[in-house]
Amino acid sequence: MSTTIDLAVRDDDLGLPDRIARFPFPFTRDTYRYSTNVEPAGSPVATAAGGWGRHPVDIDGHYLDDLTERERILGADPTRFQSLPHMEIAQWDAMVTLMRMLADAYPETFALERDGEARLFVNRALGLEQSFVFGDRSTLPDPPLRFIGRHLQEDVVLLDQREGALWGDAGLVTFAADWSLRFDVGMSFRQIHGPVPRVHTEGVIPRAEQFLMGLQAGQCYRRTNWSLSVDRRLDQSTETYPEWGRDRRLLAEGPLEDVGRRLHLRVEVQHLVRLGVSGAIMFLIRTHLLSFEDIARVPEWSGRLYSVLDELPDDMADYKGIMRTRGPGLRWLRTYGGVRS
Amino acid sequence: MGTTSVPRWDEERRIAGGGRYVTVLSFGDAALDRARSLVSSFGGRRVDWIRLPEEWGDTAAQILERQASAARVGWRLMLVGPEATVLAARSAAVAAGLLDDEILPLPVDSGTRTVYCAHCHSTHVADVAVGQSSTCPTCASGLVVHHHVSRLHAAYLGFAVDAEERP
Amino acid sequence: MTLTSDVPVRNSAGGTELQLTVAETIALTPTVRHVRLVDPAGRTLPSFTPGSHIVVTCGTGPGGRPRRNSYSLTGPAFEPDHYAISVRLEESGRGGSQWVHDLQVGDRVPVGTPRSAFAPILTARHHLLVAGGIGITPILSHVRAAVQWGRSFEVHYAFRDGDGAHLDELHDLCGPRLYIYTAREVFRKRMGQALLEQPIGTHLYMCGPTGLVDDLCERAGRAGWPDARVHYEHFRVGDLDPGEPFTAHLTRRVIDVTVDSGVSLLDALESRGVAVPNLCRQGVCGECRLPVMSGGIDHRDLYLSAAEKEAGDCVMPCVSRANGPRLELDL
């Protein structure tokens, strides 16, 4: 099924705006714990406000803004793009796979055509066309992963499979939540998740890795992850922590009524795809932010969010960086958000 | 990464036992005893022992590079020295094509750690434990040393200790 | 690589079936036939990792059940317009290879999507590729990728005189990097030297008869090669041995399942309505592992470790059998 991208953010009098209707609200229960919560990708998910999840790549009304923000971030810090030398083939593989995914999901906007040995990628939203030959660097203006990063809102991490493990050996990540691709590049799956509390003793990470290593070419799964962000700040990387860290405290110290507008539920929709030619695993991370104010327009969501935040153990809250913001979030939900505790 | 100096004989036997010939690189005087007993433990197998300065630097890097270029599959590399140096040497060995299974890192007890500054991307060596702070000499950020180690950078992650307290 | 199994066609998690047709057949040698399969609508086929194989439904076997064989893909891997396989005629087989040798242009052939179990290691400094007989098939796709991506490699190809498939193509792709052997002793001696000479960072890939692969694996180990550098795919002529019939007793369901000669334990369980999670059906993926309470096991898989096989408390039913009249399963 095709969808035309409507790049204007619609505010429909008859229902909720797109940004709320399409928000991937992540909680299915009143409490949250880590699990290998992977499911096959591509099936639409209905939520209390609408739905999401039809396509593994997702374009929304923030498309142009997010791409501009990505370019700004990479301009200031090119190290948000990393690739170890052996990942060249995986970059090409990821790029072409993503082009195909975009063309399949939004055929009115994207196309990938064949012209003999060459391919032609068309992005009508940006008014750009790029002809290239697979594997031939001289035919692209950028490394392949860097190139496709100019066309999609997702962050991308590529994992090489060898020595009985997965290795995060390349990536383009401008919207990191509390981590640094530059520091983590080259780590194994287990090492990357080293600092996450509980997941090792509970076997979540080894099982997740086993599962991923068993994926065959073409298989695509997804899961969600979440935290809280102050303001619509996409770049929450370790690199820029000195810029945004204080907002957690300032929010807590500021007027309660501002919290609704400033505090956001940050959800990552992650897609995991086994690539064909390189055998690498492609990890797509699509970040969605919705303010507590918007969440409060959906009573089922605000009630559940309240309950999850209230019950979350401290070690998990600490790891997610929400020790300072969850209190104000809970208070706002009670005071202004219509939640009875 | 353990900082114990207690021999891990099982692991040594597993890694060294599989190899056809071995090179031991020892870093600094404190590592000599350990390296000596290691070298003498290999029975009939061919062992080379190269003594290097305690700190990782260009000389050590060149020597390791040269050893790796000449090496053939069947080689095992043992690294004995302070943790920071051993981590750096291992990173260089992997970059030269070795697998983890071909490298045995044997850190001798030392309190210094290499810290990677997340903000300016430089590394420095500091006498600091995980959870404590160190100042980045390049950008002057006060960093907290986090329990997250990169084998590629051969360093612990350090990030702004007071980011949330700043006005 | 060829492995037979008499099983109902089954779509394992994520796997789909492609309905292809024969575009071309070529007799490469007196015993090896090359077959090109295409999508009848001319669509591009899914890309695959070099070393991958497809499971081909080769008509029906005795008892009327579909017969499925795995064959390595020899052709280009990126968005290919065809899948190519080279099949040796197995006289003592169950008819799958004969069926492939009887194919005519235009015939329909159902195949599964490519499965990767023998992939190139991207970090390798050098690829030492070794093929025995029809084991050249996955090695050929490795060579293609190595040439395309500028990798350092060499190929050692041993075969019976007159029976060397794909020689011309290999000469074109490899030039001086190809070493061919028709005398076993020459091959063994040269490989013995090669195992001592490889620069650190080299990975070894082998595909061929069990004897060749096992021998080289053992010698590599003795020469100090860590397991993580040694990769192999068996072409097991021996495994066409159908085995003796036995009884599988399921302790929880309290039923006895007869496993006939030539029928896999997995097939037999499924025919009795016992669902067993499975994926590769050829002993490599580990998905179908079952707990064994008692009974000797004839392990024929490539998944369990030596220690696990020795412990005798689990079995891979897709390929392994009882080593005796009876096996008790905790099912």
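Mentor: Let's start with contacts: two residues are in contact if their C-beta atoms, placed from the backbone, lie within 7 Å. Among contacts in chain A between residues at least 6 apart in sequence, 71% join residues at least 24 apart. Keep in mind that this is a predicted model, where local features need pLDDT of at least 70 and side-chain atom pairs count only at pLDDT 80 or more, while totals for chains, interfaces and linings use all residues. Residues are numbered from 1 along each chain as its sequence is written, with chains lettered from A and ligands numbered from 1 in the order in which they are written.

Trainee: What radius of gyration does chain A have?

Mentor: That radius is taken over C-alpha atoms, and the globule rule is 2.2 Å times the number of residues to the power 0.38. With 341 residues, a compact globule would come out near 20 Å, and chain A has 20 Å, so the two agree. Its C-alpha atoms fill a box of roughly 65 × 50 × 35 Å along the principal axes.

Trainee: And how do I read the sheet in chain B: in what order do the four strands come?

Mentor: Strands of a sheet pair through backbone hydrogen bonds, either parallel or antiparallel. Here strands are DSSP runs (E, at least two residues) and helices likewise (H or I, at least four), numbered from the N terminus; two strands pair if DSSP finds at least two bridges between them. In chain B the order is β2-β1-β3-β4, an open sheet with parallel pairing. β2 (46-52) and β4 (103-108) of chain B are the edges, each pairing on one side only. Look at β1 (residues 21-27) and β3 (residues 75-82) of chain B, joined by six bridges; T23(B) stands opposite L77(B) there.

Trainee: Is helix α2 of chain C buried or exposed?

Mentor: Call a residue buried if 20 or more other C-beta atoms lie within 10 Å of its own, exposed if 12 or fewer, and partly exposed in between, with C-beta atoms placed from the backbone. For α2(C), 10 of the 13 residues are buried, so the rest of the structure largely encloses it. Among them are I136(C), L140(C) and V143(C). Just after α2(C), G150(C) takes a positive phi of about 70°.

Trainee: How many residues touch where chains A and B meet?

Mentor: 20 residues of chain A are in contact with 18 residues of chain B. On the chain A side, α8(A) gives the largest share, six residues.
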